[in-house]
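Here is a quick tour of a protein chain for anyone meeting it for the first time. Have a look at the sequence and the fold, then read on.

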Amino acid sequence: MLYDEALRGQKETIVSDDGSLTLYSKEFNESYHSPKDGALRESLNKHVIPAFSLDRGKPSLRILDICYGLGYNTLATLHYIQSQNLDVKVEIFSPEFDEALVQSLKDFAYPAEFEPLRPIIEALSTNFSYEDEQFKITILIGDARKTIPQLLTAPSSLLTEKIDIVYQDAFSPKVNPLLWTREWFADIRALCSDDAVLTTYSTAAATRMGLYENGFELHYYDAPNTRRSLIASPKKIESLEWIDMELKKVRNPGAKSLRDRDIELSE
Ligand SMILES: C[S@@+](CC[C@H](N)C(=O)[O-])C[C@H]1O[C@@H](n2cnc3c(N)ncnc32)[C@H](O)[C@@H]1O
């Protein structure tokens, strides 16, 4: 095992560099956010702002938030929409297998920006879902490798239209490789619309290969006070710095995507 299930639930609180609180997971031996980038700043700068600045003016958006964790990406999305007065309806699906963590979040000391979202935080923590006229949020409790493909196949298909935005924000490929493999990205691609945007903090060669092998074009994204991140989309995005993956493959012929079978064999 790459991570230690016996330590599930064991976490420590960290004050990140922008003053917002995050946790350190003893199970995965990793923090939920980059302490240097700051939890709220990372969420806004690496995920929410890039995704919404590439918005194609759709009146409604479907978002996959991988994985819920402390819910910063989901909550920062709602905060951003409200603070920018965006006239958009949003449906968010977010897998998470740590049910006890989600249940504990009604007592988590979130940054002041999330204070207006308190009734939503409480509903999500208690019922794993929330709905009003503008926002619909479903936390999919269970293993993301099972719940994500089920979004398309379940008889009561939860997903009626394809996904517009994916926040790929799992623990790192080193400690949670099953959420970064070629097969995982194939499941994600199957859910995405042809102009979907996937945001991720991982710029590793294996991450890029896994996305590229599933038909994603790749781009770098730079935001102030945050490390460089990646934006993937089935379509090339002219306004961003495109990564020529064919050239990268010539220069680094040993670069490989992570594969389910290699990880399963090593466990
Ligand atoms: C880096 S944290 C996510 C941080 C989150 N985006 C936030 O803003 O707080 C990764 C989360 O993935 C969850 N996780 C890890 N493997 C999973 C899996 N196979 N299925 C569902 N959740 C998983 C962990 O319990 C953890 O809460």
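Is arginine 227 buried or exposed? Arginine 227 is exposed, because its relative accessible area is 53%, and the cut-off for exposed is over 50%. Keep in mind that this is a predicted model.

## The chain as a whole

Let's start with the big picture. The chain has nine helices and twelve strands. Its radius of gyration is 18 Å, close to the 18 Å that the globule rule gives for 267 residues, so the chain is as compact as a globular protein of that length. The C-alpha trace spans about 50 × 45 × 45 Å along its principal axes.

Of the 267 residues, 54% are buried. Take the contacts between residues at least 6 apart in sequence: 67% of them join residues at least 24 apart.

## Sheet and hairpin

Nine strands make up an open sheet with mixed pairing, in the order β6-β7-β5-β4-β8-β9-β11-β10-β12. At its edges sit β6 (129-131) and β12 (241-242), each of which pairs on one side only. Strand β10 (residues 217-221) runs antiparallel to β12, with two bridges between them, and here histidine 219 is found opposite tryptophan 242.

Now look at strands β1 (residues 11-15) and β2 (residues 21-25), which are antiparallel and joined by five bridges. Valine 15 faces leucine 21 of β2. This hairpin has five residues between its strands, and glycine 19 takes a positive phi near 90 degrees.

## Salt bridges across the chain

The structure has 19 salt bridges. In one of them, lysine 11 pairs with aspartate 98, with the closest N and O atoms 2.8 Å apart. That pair links distant parts of the chain: lysine 11 belongs to strand β1, while aspartate 98 is in the loop between β5 (89-96) and α3 (99-104), 87 residues apart. Lysine 11 counts as partly exposed at 24% relative accessibility, whereas aspartate 98, at 7%, counts as buried.

Back to arginine 227: its salt-bridge partner is aspartate 37, and the closest N and O atoms are 3.5 Å apart. Aspartate 37 is in the loop between β3 (30-31) and α1 (39-53), arginine 227 is in the loop between β10 and β11 (229-233), and the two are 190 residues apart. Aspartate 37 counts as buried, at 4% relative accessibility.

Glutamate 213 and arginine 182 also meet in a salt bridge, at 2.9 Å from N to O. Glutamate 213 lies in the loop between α7 (205-212) and β10 and arginine 182 in helix α6 (residues 182-191), so this pair ties together parts that are 31 residues apart in sequence. Elsewhere, salt bridges with shared partners join Lys58, Arg62, Glu161, Asp164 and Asp195 into one network.

Aspartate 65 is part of strand β4 (residues 60-66).

## The start of a helix

Last stop: helix α5 (residues 144-153). Its buried residues are Ala144, Arg145, Thr147, Ile148 and Leu151. Where α5 starts, a side-chain oxygen of aspartate 143 comes to within 2.9 Å of the backbone nitrogen of arginine 145.

Terms used. Residues are numbered from 1 along each chain as its sequence is written. This is a predicted model: local features need pLDDT of at least 70, side-chain atom pairs count only at pLDDT 80 or more; totals for chains, interfaces and linings use all residues. Side-chain values use heavy atoms; hydrogens and water are left out. Helices (H or I, at least four residues) and strands (E, at least two) are DSSP runs, numbered from the N terminus. Two strands pair if DSSP finds at least two bridges between them. The radius of gyration is taken over C-alpha atoms; the globule rule is 2.2 Å times the number of residues to the power 0.38. Buried means under 20% relative accessible area, exposed over 50%, partly exposed in between (1.4 Å probe, protein chains only). Contact means heavy atoms within 4.5 Å. A polar contact is a pair of N or O atoms within 3.5 Å; within protein, one must be able to donate a hydrogen and the other to accept it, and residues adjacent in sequence count only if both atoms are side-chain atoms. A salt bridge is a side-chain nitrogen of Lys or Arg within 4 Å of a carboxyl oxygen of Asp or Glu.
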